[in-house]
Amino acid sequence: PLAGLDQLVFGAWDPIPDNGYQAAVKCGVLNRYEDIEPIADFLKTIEPMPAVFDSRYVKRIDGTNTKTARTQLELVDAVRDDIRCFKATNNCDRLVMIWCASTEKFIEESDVHQNLEGFIAGLEENDERIAPSMIYAYAALMEGVPFANGAPNLTVDIPALEKLARDGET
């Protein structure tokens, strides 16, 4: 059975430190008084975790609420820690991750995307062909969390992550 809305918990990573309410108002997509204000108290509870962000992939954002690490693989570990902590803190039975961030620059599939061994080596070497969205997707899949891509990024449409999604951790 589907969970009721009262059983859902929302979390986010965002390179901008605004809470859900502030972000919704600034975006100007929804009508503030009809759509946002009725749920303002709820939106204010969604405080973003520091994000994996790289301005080479999204040029028009100056992210200040960001994670830092020596390697992309360390960023994967940080996101995995966030996932486990969020699940435990909120007493969740299951999670789903939806990528609904800004569209990243165009990346073509390449050798680093063909298998998990190459992908992990690329993460260790900070390969620029591995975008932030791929870091989130890989972390989610490694934690057994379904991942949905809501932007036209290459993200999960690569053999390494497709295999991981089908087969689980190898």
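(Buried means under 20% relative accessible area, exposed means over 50%, and partly exposed is in between, using a 1.4 Å probe and protein chains only.)

Before moving on, note that this is a predicted model, where local features need pLDDT of at least 70, side-chain atom pairs count only at pLDDT 80 or more, and totals for chains, interfaces and linings use all residues. Residues are numbered from 1 along each chain as its sequence is written, and side-chain values use heavy atoms, with hydrogens and water left out.

**Next stop: helix α6**

Now select residues 132-142, which form helix α6. (Helices are DSSP runs of H or I with at least four residues, strands are runs of E with at least two, and both are numbered from the N terminus.) How many of the residues of α6 are buried? The count is 11 of the 11, so α6 is largely enclosed by the rest of the structure. Show what surrounds α6 and you'll find its buried residues packing against α4, β1 (97-99), α5, β2 (147-149) and α7 (159-167). Contact means heavy atoms within 4.5 Å.

Bring in residues 72-89, helix α4: the axes of α4 and α6 are 9 Å apart, at an angle of about 50 degrees. (Axes are lines fitted to C-alpha atoms, for helices over the stretch in contact, and angles run from 0 to 180 degrees between N-to-C directions.) That angle makes α4 oblique to α6. Under 35 degrees would be roughly parallel, over 145 roughly antiparallel and 65 to 115 roughly perpendicular, with the rest called oblique.

To see the contact, pick Gln72, Leu75, Val76, Val79, Arg80 and Ile83 on α4, then Ile135, Tyr136, Tyr138, Ala139, Ala140 and Met142 on α6. Sorted by class, this contact has 10 nonpolar, 1 polar and 1 charged residues. (Ala, Val, Leu, Ile, Met, Phe, Trp, Tyr, Cys and Pro count as nonpolar, Asp, Glu, Lys and Arg as charged, and the others, Gly among them, as polar.)

Follow the loop between α5 and α6 to Asn126. It isn't a glycine, but Asn126 has a positive phi of about 55 degrees, and it is partly exposed at 35%. Just after α6, Gly144 also takes a positive phi, of about 75 degrees.

Then go to the loop between β2 and α7 and select Thr155. Buried or exposed? Thr155 is buried, with a relative accessible area of 1%. Its phi is positive, near 25 degrees, in a residue other than glycine.

**Last stop**

Finish on Phe42, in helix α3 (residues 40-44), which is partly exposed at 39%. Draw a line from its C-alpha atom to that of Asn115, 73 residues apart along the chain, and it spans 41 Å.
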